[in-house]
Amino acid sequence: MTDVELLTAADLPLMQGLAQRVTASRPDLISAGASYGELAWVWGKGCASYGGSWPRRLWFSGDELVAWGWAFLPHQVRRNDGSVTDATGACLSYQVHPDHTELVDEVIEWYDGVAAGLDRTVSPTTAEEFALQRWAAHGYVTDVGALGDTGDWTQLNERDLTDVERPVLPAGFRFRTADEAGPQAAVRAHLDAWSPSAYTARSYEDVRRTAAYRGDLHVLVEAPDGTMASSTIMWLDEANKTVEFEPVGTHPDYRRLGLARAMMLHGMHLARAAGATHATVVCLGAPGHPKARGLYYSLGFRELSRDAPLIKTKTARASKRSVGGPRMT
């Protein structure tokens, strides 16, 4: 019988622990949805609204988690502008420890079971050679739409923190942390940057409850008029001394002022003071989405891994990529 247990808050530290072990040995195998910080961010911002459509399965070797699958099934996305989107397909985040690749087929079979009758997408990294062969053997093919010039595939970027330039803000702007600014300001900063968004005060409360969240590493830029013009959360993986920026956003009225650049430089200094020696950030990789990638490259980040998006349609003629999933803001 197909396992249809739902993801819980107690599962999250186990999954993050696997992410830490894989990061330590093969960071190129970490997809955007399976990183230490992304797991906390996606769980926190969506569990209250979408947790009922999040089946998961965990695989253990003794007491140690060695693989997991997290499926995102059909649901409705309600945004703060009143718009509603139906996510009609399924997508999957997963991780298999490189010493247990024999479990890849079990992950695929489980996903096919819980998402039977739906269009199914998944995005391994291009470095997962064995997994890519197994997905193909189960009928998954390249998602051509996702790989187009304006497609939604992502890449994970990295840089070390040995030489970080000093940040410079425009006159009148200042850095704040979420601990200083408070929850209302932190939520407003996200909504202004990502509008329309499904993010809520409850979403932020659930993000704050994750063990990985630190309010002193949630950085904002305050404009002279008091608007929180830019914000980012940094997720510190102490085991690997690495910090992940997710998300990074700026209010549309304050873009092209260098705020995100200064904020991330400031964040890197904070992260280094907290013990980090390395930083990562995810961006869309397609040619039609150059802005974030250009920013991160200007800050010294370079590509570490990238998606290899795959799809298995419920009918031979279906080709539309499912809406929603782990990258939803």
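These legends accompany several close-up views of a predicted model.

**View 1. A six-stranded open sheet with mixed pairing.**
Welcome to the sheet whose strands follow the order E1-E2-E5-E6-E15-E7. Its edges are strand E1 (56-61) and strand E7 (141-142), each of which pairs on one side only. Between strand E6 (residues 120-122) and strand E15 (residues 310-312) the pairing is antiparallel, over three bridges. Look here for Arg120, which stands opposite Lys312 in E15. As a reminder, strands of a sheet pair through backbone hydrogen bonds, either parallel or antiparallel.

**View 2. Helices H1 and H4 lying across strands of the sheet.**
Helix H1 (residues 11-25) lies across E1, strand E2 (64-72) and strand E5 (90-96). Relative to E2, H1 runs at about 115°. Helix H4 (residues 129-137) lies across E5, E6 and E15. The angle between H4 and E5 is about 140°.

How many of the eleven residues of H3 are buried? Eight are, so the helix is largely enclosed by the rest of the structure. The buried residues are Val104, Asp105, Val107, Ile108, Trp110, Tyr111, Asp112 and Val114. Their cover includes strands E1, E2, E5, E6 and E15, together with helix H4.

**View 3. The aromatic pair of Tyr111 and Trp135.**
The structure holds 13 aromatic pairs, and this view picks out one of them. The ring centres of Tyr111 and Trp135 are 6.4 Å apart and the planes meet at 75°; with angles over 60 degrees counted as edge-to-face, the pair is therefore edge-to-face. It links distant parts of the chain, since Tyr111 sits in helix H3 (residues 104-114) and Trp135 in helix H4, 24 residues apart. Tyr111 has 0% relative accessibility and so counts as buried. Trp135, also at 0% relative accessibility, counts as buried too.

**View 4. The largest nonpolar core, with 67 residues.**
Trp68, Trp70, Leu92, Tyr111 and Trp135 have the most contacts inside this core. Helix H2 (residues 36-50) gives the most to it, with eight residues. Apart from this core lies another, of 31 residues, including Leu217, Val221, Phe245 and Ala262. In soluble globular proteins, nonpolar side chains tend to be buried together.

**View 5. Strand E13, paired with E8 and E12.**
Strand E13 (residues 278-284) is mostly covered, with five of its seven residues buried. Strand E8 (residues 154-160) runs antiparallel to E13 and is joined to it by seven bridges. Here, the bridge partner of Thr154 in E13 is Leu284. Strand E12 (residues 242-250) runs parallel to E13, joined by four bridges. For this pairing, find Val243 opposite Ala279 in E13.

**View 6. Helix H8, from its span to the glycine that follows.**
Just after the helix, Gly275 takes a positive phi of about 110°.

How values were computed:
Residues are numbered from 1 along each chain as its sequence is written. This is a predicted model: local features need pLDDT of at least 70, side-chain atom pairs count only at pLDDT 80 or more; totals for chains, interfaces and linings use all residues. Side-chain values use heavy atoms; hydrogens and water are left out. Helices (H or I, at least four residues) and strands (E, at least two) are DSSP runs, numbered from the N terminus. Two strands pair if DSSP finds at least two bridges between them. Contact means heavy atoms within 4.5 Å. Axes are lines fitted to C-alpha atoms, for helices over the stretch in contact, and angles run from 0 to 180 degrees between N-to-C directions. A nonpolar core is a set of buried Ala, Val, Leu, Ile, Met, Phe, Trp, Tyr and Cys residues joined through side-chain atoms within 4.5 Å. Buried means under 20% relative accessible area, exposed over 50%, partly exposed in between (1.4 Å probe, protein chains only). Rings of Phe, Tyr and Trp (its six-membered ring) pair if their centres lie within 6.5 Å; planes under 30 degrees apart count as stacked, over 60 as edge-to-face and the rest as tilted.
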